[in-house]
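Here is a friendly briefing to read alongside your sequence and viewer. Have the model open and follow the topics in turn.

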Amino acid sequence: MTELFGIPIQALFGQLMLGLVNGSFYAMLSLGLAVIFGLLGVVNFAHGALYMLGAYVAWFSMDRWGISYWWALLLGPLVVGAVGALLERTLLKRLYKLDPLYGLLLTFGLALIIQGVFQQYYGSSGQDYSSPDALQGATNLGFMVLPNYRGWVIIASLVVCFGTWFLIERTQLGALLRAGTENPALVQAFGVNVPLMVTLTYAGGAALAGLAGVLAAPVIQVSPLMGSNLIIIVFAVVVIGGMGSILGSIITGLALGLIEGLTRVFYPEASGIVVFVIMAVVLMIRPAGLFGKEK
Amino acid sequence: MDRTGKLAWLVGLLLLIVAPFIGVYPIFLMTALCFAIFAMAFNLLLGYTGLLSFGHAAFFGGAAYVTGWLVHSQHWTPELGLIAGTLAAGAAGLVIGLIAIRRQGIYFAMVTLALAQLLAFGFEHATSITGGEDGIQGIQRGKLFGLVSLDSDLALYFFVLAVFVAVFLFVLRVVHSPYGQVLKAIRENEPRAISLGYNVDRYKLLAFVLSASIAGLGGGLKSLVLHLATLQDVRWEQSGEVILMTLLGGLGTFAGPVLGAFTVIGMQNFLSDRVGSWTGVIIGCIFVLCVVAFRKGFVGELLAWQKRRKAKGGKPS
């Protein structure tokens with residue numbers, strides 16, 4: 001069998017794989033958004049900018065100091081996480097008692113600043129960042145040829161996503177985090193340093209975005225606009241999935257990536273908008289989102 | 001509105017009437033007035049109904065395309081082009097509003113952002129009408145009612161000013177009507193408004209459509225003023241800018257959005273000559289500062305100060 005619905009099977013699986021790669025980024029970013037929103041009540045508009053920052057850390061450290069991809073995988077999340085912690089401590093923490101809309105507006109301003117500064121230095125054009133030697137080439141899986149780096153992105157992000165899920169849902173630390181989401185005052189009364197937990201949560205979400213950025217650097221052009229293009233899609237993903245569930249955001253992210261890939265095969269013109277259309281349909285049928293709870 | 005308020009508006013209007021004769025560049029004034037209309041529309045939604053739309057640029061820029069295209073390629077008269085642009089924005093507002101009001105708060109903001117992006121995507125790819133990346137350029141202003149040529153900046157200025165005053169009075173009327181009172185009730189306490197028997201969704205939807213239409217009117221005017229309708233007007237950055245104008249001037253006040261629009265447009269003109277592309281970064285910084293430390297905006301702070309002074313003076317000594 002070399003064709004399915006009149007489409008060469010190689011092309012079909014190729015696009016599905018590409019969709020899964022995109023879906024991995026959606027999943028990692030919407031996961032970070034969900035975790036931050038859960039504890040801080042802030043919709044982090046700067047998430048796209050932080051993702052872009054991660055990619056630039058990888059590119060810059062390679063370009064300037066010859067730091068390899070593998071170290072960048074560590075360095076990127078650390079730098080972006082530190083930036084996140086700084087932003088939370090200096091700016092975001094002033095807004096917790098206010099309407100959550102102000103958090104969205106503040107992070108929107110931050111996104112403008114970060115993106116603007118990078119555009120100032122790098123214009124709007126992209127920088128190439130090559131994948132590490134160990135992951136170059138492709139593997140023939142029989143039904144398709146899989147570029148090694150793409151396979152690695154999918155596996156790595158799945159590990160990271162489910163690792164995060166495990167951390168939050170199955171460990172002592174995660175239990176504290178969930179308790180803090182439900183009732184911060186009570187958790188504080190039990191002697192937990194809630195402000196620190198909040199800072200670390202924001203830093204963690206930011207680090208996830210940074211890691212996604214490093215992972216994305218070799219598959220897309222590293223450019224100042226890469227974050228803002230993505231964040232709006234991720235917002236739609238979050239609306240579709242509902243921010244209430246960690247597992248829900250992972251599954252929604254991956255599924256939408258796949259659907260986008262399929263659309264690219266069967267109706268390429270619509271691939272840029274299919275996520276938004278699905279969002280509209282989901283809102284008509286299930287306003288709270290697929291995994292959300294109506295409050 | 002109290003007497004000081006009325007007086008302030010009268011002085012403001014007089015200033016606007018004489019401004020082009022005392023050396024203020026009419027194109028600047030017109031651009032600022034168009035954005036003031038846009039910001040008033042946005043304020044009607046966020047300031048008086050409590051709905052944060054992050055997609056208002058779609059209505060503003062979309063109407064700019066509709067008006068620009070009709071006047072430029074179909075040779076419609078400007079007033080008909082503007083009406084068509086306004087109606088088109090209203091229709092888009094009806095569709096987006098119907099979907100978006102199914103969620104509240106930040107979700108509402110995210111949904112409007114995503115749907116506006118959908119429209120922006122459409123404009124980007126409908127190149128035969130919108131010209132894609134180039135936009136519609138060289139739009140002729142034409143003759144108002146087929147009689148008065150708007151080619152002179154001064155003639156167009158007074159037309160824009162007249163539209164602005166009309167929009168202002170309309171918004172004033174809406175906010176002070178019983179309908180406007182219900183909107184404020186929804187902003188303050190939605191469950192309570194529901195329990196009092198109001199069909200909250202319908203009120204919100206009408207507010208959204210009104211706001212989208214007025215935003216469209218501003219956008220249509222802008223396409224005539226600058227002879228231009230581009231993708232920049234429909235992008236999310238533009239939606240952010242109108243939020244900044246409203247917030248900086250004073251959310252939920254009448255003068256706020258107008259002052260905010262003049263401040264932001266003035267600042268952009270001033271900065272782009274001096275620091276070039278750093279302007280976006282500086283606007284972002286002002287945005288952050290405004291949210292962290294200046295949430296009431298110019299007018300809000302002024303009103304708060306007046307109140308404090310009154311409270312002080314009213315105390316028996």
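Buried residues make up 50% of the 295 residues in chain A; a residue counts as buried if 20 or more other C-beta atoms lie within 10 Å of its own, as exposed if 12 or fewer do, and as partly exposed in between, with C-beta atoms placed from the backbone. This is a predicted model, in which local features need pLDDT of at least 70 and side-chain atom pairs count only at pLDDT 80 or more, while totals for chains, interfaces and linings use all residues. Residues are numbered from 1 along each chain as its sequence is written, and chains are lettered from A, with ligands numbered from 1, in the order in which they are written.

**Chain A as a whole**

- Chain A has 11 helices and 4 strands; helices (H or I, at least four residues) and strands (E, at least two) are DSSP runs, numbered from the N terminus.
- Its radius of gyration is 19 Å, close to the 19 Å that the globule rule gives for 295 residues, so chain A is as compact as a globular protein of that length. The radius is taken over C-alpha atoms, and the rule is 2.2 Å times the number of residues to the power 0.38.
- The C-alpha trace of chain A spans about 65 × 50 × 35 Å along its principal axes.
- Of the contacts in chain A between residues at least 6 apart in sequence, 77% join residues at least 24 apart. Two residues are in contact if their C-beta atoms, placed from the backbone, lie within 7 Å.
- Helix α10 of chain A (residues 246-266) has 21 residues and reaches 31 Å from its first C-alpha to its last, close to the expected 30 Å; the expected span is 1.5 Å times one less than the number of residues.
- α10(A) is mostly covered, with 15 of its 21 residues buried.

**Chain B as a whole**

- Chain B has 14 helices and 4 strands.
- A compact globule of 317 residues would have a radius of gyration near 20 Å, and the 20 Å of chain B agrees with that.
- Along its principal axes, the C-alpha trace of chain B spans about 65 × 50 × 40 Å.
- In chain B, 49% of the 317 residues count as buried.
- Residues 24 or more positions apart account for 78% of the chain B contacts with a separation of 6 or more.

**Where the chains meet**

- The contact takes 31 residues from chain A and 30 residues from chain B.
- On the chain B side, α5 (105-125), α11 (236-249) and α13 (279-293) each supply at least two residues. The largest share, 12 residues, comes from α5(B).
- By class, this side of chain B has 22 nonpolar, 6 polar and 2 charged residues. Here Ala, Val, Leu, Ile, Met, Phe, Trp, Tyr, Cys and Pro count as nonpolar, Asp, Glu, Lys and Arg as charged, and the others, Gly among them, as polar.
- B:A114 touches A:I232, A:F235, A:A236, A:V239, A:F276 and A:M279, not counting residues up to four places away in sequence.

**The nonpolar core**

- The largest nonpolar core has 197 residues; such a core is a set of buried Ala, Val, Leu, Ile, Met, Phe, Trp, Tyr and Cys residues joined through C-beta atoms within 7 Å.
- The residues with the most contacts inside this core are A:A55, A:A236, A:M279, B:A36, B:I37, B:M110 and B:A114.
- Helix α2 of chain B (residues 26-49) gives the most to this core, with 17 residues.

**Helix α13 of chain B**

- B:H56 sits in the loop between α2 and α3 (57-72) of chain B, and counts as buried with 35 C-beta neighbours inside 10 Å.
- B:H56 touches B:F42, B:A215, B:S239 and B:V242, leaving out residues up to four places away in sequence.
- B:H75 lies in the loop between α3 and α4 (78-100) of chain B. B:H75 is exposed, with 10 other C-beta atoms within 10 Å, and has a positive phi of about 55° although it is not a glycine.
- B:H227 is in the loop between α10 (200-226) and β4 (228-229) of chain B. B:H227 has a positive phi of about 60° although it is not a glycine, and counts as partly exposed with 14 C-beta neighbours inside 10 Å.
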